[in-house]
Amino acid sequence: MPDVDVDVDVDSEVEQDLEENLTEDDRNEAEKVFAKKVEIIGGPPAGPATLEAKDACAWFGDRLVLEGVDLIMPKGKVTALIGPSGCGKSTFLRLLNRMHELIPGAALDGEILLDGDDIYAAGTRAQQVRMRIGMVFQKPNPFPAMTIRENVLAALKLARLKCDDKDTLVEQSLLRAGLWKEVRDRLDSPGGALSGGQQQRLCIARSLAVHPNVLLMDEPCSALDPTSTRRVEETIDELRGEVTVVIVTHNMQQAQRVSDLCAFFLAAENQPGMVVEQGPTDVMFSTPTDPRTLDYVQGRFG
Amino acid sequence: MNVVPGTVVEDPPVAEDPPAPRERTRRVITEVPSRADRRFNQITMGAGISVLVLLTLVGLFLMIQSSDALGETGIWTFLTRTEWRTDVTPARIGVLGLLAGTVLVAVVAVVIAVPLSVFSALAITEYSTAKRRKWLVGVVDLLAAVPSLLFGLWGFLYLSDKIVPISLWLTQNFGWFPLFKTSEDASLTGSIFIAGIVVALMVLPIITSVVREVFSQTPPGEKEAALALGGTRWGMIKTVVLPFGKGGIVGGSMLGLGRALGETIAVALLLPQVPQKIGESIHILQNGGATVSGFIANRAGADEFTTSGLLAAGLVLFIITLGTNMIASVVVSKSRSGAGVDI
């Protein structure tokens with residue numbers, strides 16, 4: 001059971017209605033906050049980056065789970081990875097920021113290029129890659145003992161970065177994640193005390209705080225209620241152009257709503273997963289070339 | 001809402017008194033356990049209670065046996081006197097000098113053992129492959145299987161001489177720190193410091209295993225989050241594993257402290273068992289000191305009054321270790337990480 005606090009979400013819905021009515025001040029306020037430039041010393045280069053997989057393969061031990069994935073995730077666009085469970089989407093996503101190698105026995109072949117540079121090149125440190133390619137997980141995982149503010153700033157501490165204006169960075173990150181209004185009066189209360197949906201947005205804010213070039217999202221809404229899901233989708237929409245987003249989702253409507261491009265993964269029984277078809281989302285959902293894609297996006301699969 | 005299906009619920013009329021609360025009968029639900037359950041319940045409860053009974057019996061035995069010495073000396077005098085002289089009449093016995101040594105040895109042991117344990121636990125849980133993890137766990141557990149007599153002999157016959165240069169270095173460089181001061185031409189063997197080191201090795205496995213257990217329960221999601229944010233492994237440990245395991249570290253240390261307080265053979269062999277004189281400054285690096293358990297072991301089999309006095313000292317130790325262990329288990333169970341750990 002996802003622990004979604006119903007009360008809080010009802011409140012936030014009410015609050016959202018209010019927000020839609022009287023956001024003029026808030027908008028101006030937000031604009032002012034975003035006008036401030038926050039410099040992160042040692043952080044990633046500015047702007048979104050293109051991520052490209054070339055013939056990517058992944059193993060767990062002796063088992064090949066993903067084979068021959070060629071996929072371009074263009075800068076500033078939202079790319080959705082869809083497909084049934086166990087077809088290697090999440091594995092592929094974890095290849096993209098070197099989280100794959102944390103699993104004992106994990107191996108890979110092929111290249112993952114971030115703006116043309118292989119992230120697995122010898123001499124490239126995983127920490128450096130992960131700082132540039134942020135990740136949001138399926139289950140919200142804020143640091144429960146840290147305050148909301150500390151959570152947002154956690155990456156600075158972890159990656160040993162310096163920032164000249166932490167308060168503004170916290171506000172900007174929480175604004176981008178759509179959480180600022182709800183938490184601005186309690187930045188010093190623990191992150192673990194938020195509702196499930198708020199926790200996930202806190203995790204998004206935490207990932208955005210270092211200004212990553214790419215944001216990976218592994219089924220970010222699967223543990224959330226519809227209101228929180230909408231919030232997260234709004235956030236993804238606002239990130240378009242600023243950050244390259246790659247999102248794994250099992251929700252076809254969500255893929256349709258948020259993504260520009262779509263890749264359909266599939267694994268035959270006892271075969272490694274591969275990309276069956278990829279292309280612009282509207283084409284993938286209306287006139288895909290592969291009949292299996294059509295079956296899947298229309299929910300006639302299996 | 002308790003609405004009987006089929007009844008129409010009408011909106012209450014406005015501006016009228018609220019309806020009186022309905023009469024309700026409370027049905028108390030009683031479960032009738034099966035015979036097997038009842039039997040099993042009795043057995044388990046019996047086993048649990050027998051532990052408590054045993055503990056109480058030990059306490060009672062100590063109290064009765066020590067009443068002679070305590071009655072004659074007076075409880076307060078016994079607790080606050082540092083001397084232990086049975087050659088004068090009336091005998092002047094007190095536990096404070098022994099307690100001071102006991103606590104010092106235990107503290108030295110824990111101060112040395114805790115960092116070692118925490119780092120070995122981290123090596124096991126965070127830096128090892130599955131194969132090496134198994135091997136390391138086995139080695140640490142093996143350390144727990146070494147009889148304490150062997151530790152004591154090894155410390156006495158071998159380690160003692162090897163530590164002397166370290167003691168010398170410490171006192172030469174950090175002699176300004178009161179505990180590290182030594183008097184001129186004092187022997188540096190048979191010191192509380194050396195006893196503490198040997199006891200540290202004995203409590204290391206228990207602390208390591210509690211801390212390791214707690215570390216291994218760190219939520220993987222939080223660890224992944226820290227790594228995904230660009231953290232190094234050590235950064236992840238600092239932000240996630242150590243804060244999560246804080247309760248386990250404190251609890252494990254106190255459990256180790258409890259063990260160290262009662263450690264007998266090693267200290268009986270290593271220390272001269274001369275009660276520490278309070279008021280005189282304490283020198284942990286030089287020959288001297290006694291602990292309750294070591295002292296009891298050395299003097300066991302003496303006349304009736306002395307035995308009674310020794311048992312009184314044992315009673316004090318019993319109460320202190322019991323208290324330490326209780327505090328340890330409370331600390332661990334109250335912490336976020338300790339909920340599932342039994343110590």
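The model is predicted: local features need pLDDT of at least 70, side-chain atom pairs count only at pLDDT 80 or more, and totals for chains, interfaces and linings use all residues. Residues are numbered from 1 along each chain as its sequence is written, while chains are lettered from A and ligands numbered from 1 in the order in which they are written.

**Overall fold**

Chain A contains 13 helices and 12 strands. These elements are DSSP runs numbered from the N terminus, with helices being H or I of at least four residues and strands being E of at least two. Chain A has a radius of gyration of 19 Å, close to the 19 Å that the globule rule gives for 302 residues, so it is as compact as a globular protein of that length. The radius is taken over C-alpha atoms, and the rule is 2.2 Å times the number of residues to the power 0.38. Along the principal axes, the C-alpha atoms of chain A fill a box of roughly 50 × 45 × 35 Å.

Of the 302 residues in chain A, 48% are buried (20 or more other C-beta atoms within 10 Å of the residue's own, with C-beta atoms placed from the backbone).

**The sheet**

Strands of a sheet pair through backbone hydrogen bonds, either parallel or antiparallel. Here, two strands pair if DSSP finds at least two bridges between them. Chain A has an open sheet of six strands with mixed pairing, in the order β7-β9-β10-β4-β11-β12. At its edges stand β7 (133-136) and β12 (274-280) of chain A, each with a single partner strand, so one side of each is left without a neighbour in the sheet. From one strand to the next, the twist averages 15°.

Strands β4 (residues 78-82) and β10 (residues 244-248) of chain A pair in the parallel sense over four bridges. In this pair, A:V78 stands opposite A:V245 in β10(A).

| Helix of chain A | Strands touched or crossed | Angle |
|---|---|---|
| α9 (residues 196-208) | β7, β9 | about 170° with β7(A) |

Axes are lines fitted to C-alpha atoms, for helices over the stretch in contact, and angles run from 0 to 180 degrees between N-to-C directions.

**The side touching chain B**

In chain A, 20 residues are in contact with 17 residues of chain B (C-beta atoms, placed from the backbone, within 7 Å). The largest share of this side of chain A, four residues, comes from α6(A).

Methods: A residue is buried if 20 or more other C-beta atoms lie within 10 Å of its own, exposed if 12 or fewer, and partly exposed in between; C-beta atoms are placed from the backbone. Two residues are in contact if their C-beta atoms, placed from the backbone, lie within 7 Å.
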